[in-house]
Amino acid sequence: MLQELFSELKLELRAAMHKKKHPFKYVTLSTVNEQNTPRSRTVVLREISESLECIIFTDSRSVKVSDVNSNENACILAYHPKKLMQLRLDGILVQIDDPDEIKRLFQKISEKAIKDYTTLQAPGSAIENPDDVEYVARKENHFKPFRFIPHAVEYLRLKRPNHLRAIFKIQNDWKGQWIVP
């Protein structure tokens, strides 16, 4: 049954790439800053490989970039409200630096979304009014893709009579272990 759960969680995660309103499309990414303070934010999963590596995009001036520069450990949390399923992926976040890969990923961004990477001011900068945000040309963007490489996935399914909880680790070839909910 554990391998069936692992297959199910992979299927659900990867479904977020094909179903626009899938609840795993938007996940919580947590990083740790230089003061060892956790920082969480919602990100869009852009790609998920068969090996569960995830691609996310950010502005190169965002706080998460400095977090990763000091500590690559990260966590992704996803929740499916209809299935009462929670997935927590623990791993590392690695900047993608290959120019060809960056170009391929940048081409996937819609014209509406390109604004997220072309603000004149860095994310988090103080402004007087939301209409005060200024933009630079597309070619002057601050686009930065990251690869999240998981080493463990925790599965939690709320159900009766018993909740189901299991951990899957890459070091064990993703073989699962039941754990107490």
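Glu128, Asp131, Asp132 and Glu134 gather in a patch of negative charge on the surface. This is a predicted model, where local features need pLDDT of at least 70, side-chain atom pairs count only at pLDDT 80 or more, and totals for chains, interfaces and linings use all residues. Residues are numbered from 1 along each chain as its sequence is written, and side-chain values use heavy atoms, with hydrogens and water left out.

**The charged patch**
- Patch members have over 30% relative accessible area and no salt bridge, and like charges are joined within 9 Å.
- A salt bridge here is a side-chain nitrogen of Lys or Arg within 4 Å of a carboxyl oxygen of Asp or Glu.
- You'll find aspartate 131 in the loop between helix H3 (99-106) and strand E7 (143-157).
- Aspartate 131 counts as exposed because its relative accessibility is 69% (exposed is over 50%, buried is under 20%, and partly exposed is in between, with a 1.4 Å probe and protein chains only).

- Leucine 158 sits in the loop between E7 and strand E8 (164-169), and is partly exposed at 33% relative accessible area.

**The cysteines**
- The disulfide count is 0, taking a disulfide as a pair of cysteine sulfur atoms within 2.5 Å.
- Cysteine 54 is in no disulfide, as the nearest cysteine sulfur, on cysteine 75, is 11 Å away.
- Cysteine 54 is buried, with 1% relative accessibility.
- Cysteine 75 is in no disulfide either, and counts as buried at 15% relative accessibility.

Definitions and conventions: Patch = residues over 30% accessible without salt bridge, like charges linked within 9 Å, V, L, I, M, F, W, Y side chains within 5 Å. Areas by Shrake-Rupley, 256 points an atom, 1.4 Å probe, with all protein chains shown as cover. Lys, Arg positive; Asp, Glu negative; His and termini not counted. Charge placed at Lys NZ, Arg CZ, Asp CG, Glu CD. Helix = DSSP H or I, 4+ residues; strand = E, 2+ residues; numbered from the N terminus.
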